[in-house]
Amino acid sequence: MVAAPFRYERVSSFEEAVRALHERGEDAKVIAGGQSLVPMMNLRIARPEWLIDVNPVGAGPIEDHGGYLRLPALTRHRAIEEAEVVRRRCPILAEAAAHVGNVRTRTRGTVGGSLAHADPAAELPCVAVALGAEVTVLGRDGARAVAADDLLVSYLTTTLAPDEVVVEVRVPTLGPRGGWSFLEMSRRSSDWMVVGVAALVELDAAGAVTAASVAVGGVAERAWLVPAEALADLLGAAPEEALLARVAERAAAMLRPEDDVQASGEYRRRLAAVLGRRALAQAVARAGLSEAELAPRGNGEQT
Amino acid sequence: MSDPGRQRVTFTVNGEDRDAWVFPHDSLLDVLRDALGHHEVRYGCGEGVCGTCTVLLDGEPVSGCLLLAVQADGCSIVTVRGLAPGGDLHPLQACFLRNGAAQCGFCTPGMLLTAWALLQRDPRPSRERIRRELVGNLCRCTGYSKILDAVEEHAAQAAEGSGEPRRGAPVGREGSGEGTGGDA
Ligand SMILES: Cc1cc2nc3c(=O)[nH]c(=O)nc-3n(C[C@H](O)[C@H](O)[C@H](O)COP(=O)(O)OP(=O)(O)OC[C@H]3O[C@@H](n4cnc5c(N)ncnc54)[C@H](O)[C@@H]3O)c2cc1C
Ligand code: FES
Ligand code: FES
């Protein structure tokens, strides 16, 4: 199949993109990496009348602002996977990016596109939600900042207005006693996740948990942020295996995943509990290690 | 909808200047095959999954089926023919041949380009790294082991100085284009 005909306009700034989207109306879409949009167009699931190509805007560098990294929307998955600053300062993001599709997907696909596309089985939205990432969105009335958790609504649905674009993403960096883990199960390496878990913990000097955040992908209509009350038992506690397992079980019990061709809902719930326990344990084990020790082993090899 | 109209695009293919009049909805894959006669770039799935349409865009592997030809305007494109410009086998191709890493050959151009691009980044990749990199290039015939063997063998030869790892493809402006974004 090939895409239905459409008209095409290139823009060299996000301001121009917003203007073009507004002028062209409902049937105009931004194209970034094209790794989700073009397959949908080739399958005729999507038939935009106008494509607004933002690639000439360029990505520019990933910047380290101390407490957070600034990723321009057009940052490719491959750049996230390989950038030294990401691997050192926010290794969970590099690990997640390494799991996105195949090498060609990662060469072209962008962080802005992944968040705007809002696939419930996508890695970057899941990690962005766990991290409490902030997304900068540009519209006709200027820019606004929105938490990744408030951007995602449901399957391929966000709170972006049709004439708004994602401009950049800010991801908090790892604290000195922070630990992380991203684990996913997929049918074959490079396939979409069946279930994926992003876990972040912080410990105090005595080894007790001071903060924890967990998000799960592939189990609901959007990346699911585990509610704070489900993680409350961890706070102030020594993170022993039995406690981590209990917390993960309780969180997974809140889920009602659907059956699909890849897995039954019940299997997904079980996976969420098992991966949740393993991810918490790995995050705890990594907390307090140096940045160099914490960097991902890379290339999406399961750690 | 009104006629979207054709526009002229220019790029280099294997180092040669080429141009074509294309519709916005023409994929780079279609233009390479149908307008420019590069039948070594193959159509498999049209969804970015199979890797038969792999070409290097400014030095990086991309799916030709998911890239609009208009987006490649001004870029450097390399197809598998670019690995063997004079018609002599590239040492990587020779390794594929020796190891029986090609049977029907349908997937082979994509495999070769993906492996070649990996070796530019990482001249001595682990077997696991080669596997991870080639995971998006599907093959119905070989069972993959021989492909991994071939890439490993070529990397080892190149390390010993007999395999000319950087010989071949006239890849312009490696990784510098707007298309690839390795600029971080
Ligand atoms: C074979 C294959 C396997 C894949 N596997 C995975 C996987 O395992 N995990 C995964 O997460 N993804 C996977 N993907 C999808 C890939 O990650 C995409 O890169 C990503 O989802 C979308 O990013 P993009 O830049 O390509 O966006 P595009 O395809 O260009 O756009 C996707 C949507 O986002 C909108 N959009 C893009 N950029 C912006 C912006 N800046 N502001 C507002 N809207 C915007 C577009 O209008 C469109 O609606 C796979 C793709 C393929 C082809
Ligand atoms: S034809 Fe492009 S990846 Fe299959
Ligand atoms: S050799 Fe036949 S598909 Fe790979």
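**Charged contacts, strand pairing and burial in the predicted model**

A:Arg24 is partly exposed, with a relative accessible area of 32%, a value that, like those that follow, was computed from a predicted model. The charged end of A:Arg24 sits over the ring of A:Trp50, at 3.9 Å from the ring centre. A:Arg24 also forms a salt bridge with A:Glu9, in which the closest N and O atoms are 2.8 Å apart. Because A:Arg24 lies in helix α1 (residues 14-24) of chain A and A:Glu9 in strand β1 (residues 7-10) of chain A, the pair ties together parts that are 15 residues apart in sequence. A:Glu9 is likewise assigned as partly exposed, its relative accessible area being 22%.

A further contact between a charge and a ring is found in chain A, where the charged end of A:Arg286 sits over the ring of A:Trp180, 3.8 Å from its centre.

In chain B, the side chains of B:Arg127 and B:Asp149 meet in a salt bridge with an N to O distance of 3.0 Å. This pair links distant parts of the chain, given that B:Arg127 belongs to helix α4 of chain B and B:Asp149 to helix α5 of chain B, 22 residues apart. B:Arg127 counts as partly exposed at 27% relative accessibility, and B:Asp149 counts as partly exposed at 29%. Salt bridges that share partners also join residues of both chains into one network, made up of A:Arg78, A:Glu82, B:Glu60, B:Arg121 and B:Glu133.

B:Glu60, a member of that network, is also part of strand β4 (residues 60-63) of chain B, both faces of which are covered: B:Glu60 and B:Val62 are buried on one side, and B:Pro61 and B:Ser63 are buried on the other. Strand β3 (residues 54-57) of chain B runs antiparallel to β4(B) and is joined to it by four bridges, with B:Leu57 standing opposite B:Glu60. The two strands form a hairpin with two residues between them, and B:Asp58 in the turn has a positive phi of about 45°.

In chain A, four strands form an open sheet with antiparallel pairing, in the order β11-β12-β13-β14. The edge strands, each of which pairs on one side only, are β11 (178-186) and β14 (224-225) of chain A. Strand β12 (residues 193-203) of chain A is joined by eight bridges to the antiparallel strand β13 (residues 209-217) of chain A, and the bridge partner of A:Ala199 in β13(A) is A:Val214.

Helix α8 (residues 123-131) of chain A is largely enclosed by the rest of the structure, because nine of its nine residues are buried. The buried residues of α8(A) include A:Glu123, A:Cys126 and A:Leu131. Just after α8(A), A:Gly132 takes a positive phi of about 70°.

On the surface, B:Val49, B:Leu138 and B:Tyr144 form a nonpolar patch that together has about 240 Å² of accessible area.

Note on methods:
Residues are numbered from 1 along each chain as its sequence is written. Chains are lettered from A and ligands numbered from 1 in the order in which they are written. This is a predicted model: local features need pLDDT of at least 70, side-chain atom pairs count only at pLDDT 80 or more; totals for chains, interfaces and linings use all residues. Side-chain values use heavy atoms; hydrogens and water are left out. A charge sits over a ring if NZ of Lys or CZ of Arg is within 6 Å of the ring centre and within 35 degrees of the ring normal. Patches are made of residues with over 30% relative accessible area and no salt bridge: like charges are joined within 9 Å, nonpolar side chains (Val, Leu, Ile, Met, Phe, Trp, Tyr) within 5 Å. Accessible areas come from the Shrake-Rupley method with a 1.4 Å probe; for residues, only the protein chains shown count as cover. A salt bridge is a side-chain nitrogen of Lys or Arg within 4 Å of a carboxyl oxygen of Asp or Glu. Buried means under 20% relative accessible area, exposed over 50%, partly exposed in between (1.4 Å probe, protein chains only). Two strands pair if DSSP finds at least two bridges between them.
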